[in-house]
Amino acid sequence: MTMETDDNMGLSTKCVHSGIKDYEFGPVIPPIYQTSTFKFKDAEQGARLFKGEEHGYIYTRMLNPTVEAMENAIAELEGGAYSIGCASGMAAIALIFFTLTKSGDHVICGKSIYGATSSFLLQTLTKFGVESTFVDTSNINEIENALRENTKIIFFETPANPTLTVSDIQQIANLAHLYGAKVVVDNTFMSPILQRPLELGADIVVHSMTKFINGHADVVAGIVVLKNADDYPTFRKMSNLIGGVIDPFNAFLVHRGVKTLEIRMKKHCENSLKIATYLEAHPKVERVFYPYLRSHPQYELSLAQTKGGGGVISFELKGGFEAGKTLMNNVKIWQLAVSLGGVESLIQHPASMTHASMDEELRAEAGIKDGLVRLSVGIEDVDDLIWGLEQGLKRI
Ligand code: LCS
């Protein structure tokens, strides 16, 4: 806990004050320590720092005060002991698997998952002798059937990209811990404002901070949040060895984004529910996936586990991919681009874009149909966003 906040304070207060300490000259914002290395007072101090006998800074790949301030803020918001800032969400995901698995181990991963995550497991981790099984993590029986003695990690996104499938974190954690496996939740779609997996029994949270946490589509970054302090030294050591760390300027930008995270998430949720409701009633739309719609298969679980449906909606049009193309090429305000979680609204096509790299069979099994369109709903005025969608829909 930093000196400014404690556990009883509200989320907006935490967003504004978390991670902030006193710095030389009294700035209210952590300065950008844009330096690769730090001068020691004397040879003895240098040796103490390297031995870990004194807290301080040696070299920016190892630790940097601007990065540390942002890491403390996210750890505090997620209710974790420590966090480690990474160069991207994928660097954070790689860090977790490289730290916790070795040759001969097995991992279970959600079927509906960001394309690069599934490719990392299938194309990279397998080279090191770690096997993965992909299951529908919204079905606890599928997880139980896939568990083995050597299963080290159960990894899933909830809600998942791009199907918005919701998995029961507490139930999965209870099962995983019986088998000695760690539960890792990719909390990118919710942010700590809407969902706190560590409180529900998860061991580790990972984020692509490129998305809601930074929120302004101007940074690529990731973070690993650890519930247990005991895990920290091995994770920090591996981060230092791999070197995929966030740099001070990006950490500064992310920390700046965090200040408005709570109010942004509220607006993302408010806009998304209205847009999902509008789409569900639209004659050209076949089916809408949004966790806070009553029609969502895990609607009740979503209400219980989260504080909002988030800012991502997926839907299928009656005319399939051809209709989707017409929509994407004719919408107004919405920009045709991948990524999500920024203040501006985006539209994209998972099967040919974000999830194109995914194994085709796995993509079909995960329910990522060719006609699925994904929206990242920004914080613009919702009437303008609906008007912008209607301009595309009426061309179909
Ligand atoms: N986890 C989730 C849930 C994601 O959506 C992404 C990226 C990542 C991890 C990887 O994070 P990155 O390395 O990009 O910071 N998702 C993207 C998407 O849906 N469109 O573009 C990127």
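Let me begin with a term: a pocket here is an open set of grid points where a 1.4 Å probe fits, with protein on both sides within 12 Å along at least five of seven lines, and its lining residues have an atom within 4 Å of a point. Please keep in mind that the model before you is predicted.

In that sense, the second largest pocket is lined by 23 residues, and those nearest its centre are Tyr114, Asn161, Thr188, Ser208 and Lys211. Its volume is about 350 Å³. Helix α4 (89-100) and strand β6 (204-208) each contribute at least two residues to the lining of this second pocket. Sorted by class, that lining holds nine nonpolar, 10 polar and four charged residues.

The C-alpha centres of domain 1 and domain 2 are 26 Å apart. Their contact draws 42 residues from domain 1 and 40 residues from domain 2. The size of an interface is often given as the accessible area lost when the parts come together. Between domain 1 and domain 2, the buried area is about 3100 Å², with carbon and sulfur atoms giving 63% of that area. On the domain 1 side, the residues that lose the most area to domain 2 are Pro162, Leu194 and Phe212, which together account for 22% of what that side buries.

I turn now to the largest pocket. It contains about 810 Å³ of space. Its lining is made up of 31 residues, with His55, Leu63, Tyr82, Tyr232 and Arg236 nearest the centre. At least two lining residues come from each of α2 (43-51), α3 (65-78), β1 (82-86) and α9 (232-242). By class, the lining of the largest pocket comprises 13 nonpolar, nine polar and nine charged residues.

Finally, let us consider one side chain. Lysine 274 belongs to helix α11, which spans residues 261-280. Lysine 274 and isoleucine 386 stand 112 residues apart in sequence, yet their C-alpha atoms are 8.8 Å apart in space.

Conventions: Residues numbered from 1 in each chain as written. Predicted model: local features only at pLDDT ≥ 70, side-chain atom pairs only at ≥ 80, totals over all residues. Heavy atoms only, no water. Helix = DSSP H or I, 4+ residues; strand = E, 2+ residues; numbered from the N terminus. 1 Å grid on protein atoms, 1.4 Å probe; cavity = no way out; pocket = protein on both sides within 12 Å on 5 of 7 lines; lining within 4 Å. Points joined across faces, edges and corners; volume = space filled by probe spheres on them. Nonpolar A, V, L, I, M, F, W, Y, C, P; charged D, E, K, R; others polar. Domains from an automatic or database assignment. Contact = heavy atoms within 4.5 Å. Buried area = accessible area lost by both parts, 1.4 Å probe.
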